[in-house]
Amino acid sequence: MLTLYGTLRSGSAAIEAALARAGLAYTPVDAASWNPGPGLDELRRVNPLGQIPTLVLADGTVLTESAAILIHLGLTLPPGLLLPGDAQARARALRGLVYIPANCYSAITVIDYPERFCEPCDDAMTERIRAGTRQTLHHHWRVFADEFCVGFDAGAPGSLELLATVVSKWSGTRAMLQADRPAFHAQLLRVEQHPEVAAVFRRHWA
């Protein structure tokens, strides 16, 4: 049995959606660094950083980092389910899966925790860091939409589509995409409505 550590409205939604697409059962553990309790204590025993999502495989192997988890699942499941079977399309999906944490997730961390990147950091500096980082984040999403909208398979979402749909929920990205990249925004909404993953998105963002 797989064990998935995560919480509502977090990156663990992408992993839950991937597991739903694959029909894989798992044991959920509610855990987050901002929610002290038994779940967090258990999470830190397998992932000292206390970060989510963390997936523990049946043999005890620990997987962390959303992209790494989604790539592993895509490589171990039948080709075409979470990662394309075609080598060229798969290379493109892998590029996108690394692009999101490198350019978008990282910016969201700064927006959420600016005090980690500024010492001393007063309220005015905090807001300046957030504002500048949000502009950078939204630029990165515009580039992502331009690069990946063609071939973005909302009708049969794989690892890339699921991660993009979840991470774009944060820091005002969806509103920006609706205004600036409406075709891509519509694709994200289609992913959320996919029959195999819709329940996951409803549970996280009811």
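Start by selecting Tyr-5: its bridge partner in strand 2 is Val-29. Before moving on, note that this is a predicted model, in which local features need pLDDT of at least 70 and side-chain atom pairs count only at pLDDT 80 or more, while totals for chains, interfaces and linings use all residues. Residues are numbered from 1 along each chain as its sequence is written, and side-chain values use heavy atoms, with hydrogens and water left out.

**Stop 1**

Strands count as paired if DSSP finds at least two bridges between them. Look across from Thr-3 and you will find Thr-27 in strand 2.

Next, bring in residues 54–56, strand 3, which pairs with strand 1 in the antiparallel sense over three bridges. Here the bridge partner of Thr-3 is Val-56.

To finish this stop, select helix 1, residues 12–22, together with strands 1 and 2: they make a right-handed β-α-β unit. To check the handedness, point the strands away from you; in a right-handed crossover, the path from the first strand over the helix to the second runs clockwise.

**Stop 2**

In the loop between strand 1 and helix 1, pick out Arg-9. Its phi is near 60 degrees, a positive value in a residue other than glycine. Arg-9 is partly exposed, with a relative accessible area of 48%.

Then go to the loop between helix 2 (38–46) and strand 3, the place of Pro-53. A cis peptide bond joins Ile-52 to Pro-53, with omega about 0 degrees. Most peptide bonds are trans, and most residues other than glycine have a negative phi.

**Stop 3: Ser-66**

Which residues does Ser-66 touch, not counting those up to four places away in sequence? Select Gly-11, Ile-15, Pro-53, Tyr-105 and Leu-163 to see them; contact means heavy atoms within 4.5 Å. Ser-66 is in helix 3 and counts as buried at 6% relative accessibility.

**Stop 4: helix 4**

Select residues 87–112. Helix 4 has 26 residues and reaches 36 Å from its first C-alpha to its last, close to the 38 Å expected at 1.5 Å a residue (the expected span is 1.5 Å times one less than the number of residues). At Ile-100 the helix bends by about 30 degrees, and Pro-101 follows within four residues; the bend is the angle between axes fitted to the seven residues ending there and the seven starting there.

Among the buried residues of helix 4 are Gly-96, Leu-97, Ile-100, Cys-104 and Ile-111. The buried residues of this helix pack against helix 3 (66–76), helix 5 (123–148) and helix 6 (159–167).

**Stop 5**

The whole structure has zero disulfides. Cys-118 is buried at 14% relative accessibility, whereas Cys-121 is partly exposed at 22%.

Then select Pro-120, in the loop between helix 4 and helix 5. Glu-119 and Pro-120 are joined by a cis peptide bond, with omega about -5 degrees.

**Last stop: Ser-171**

Finish in the loop between helix 6 and helix 7 (173–180), where Ser-171 is found. Ser-171 has a positive phi of about 60 degrees although it is not a glycine, and it is buried, with a relative accessible area of 18%.

Conventions:
Helix = DSSP H or I, 4+ residues; strand = E, 2+ residues; numbered from the N terminus. Disulfide = S-S within 2.5 Å. Buried < 20%, exposed > 50% of the residue type's maximum accessible area, 1.4 Å probe, protein only.
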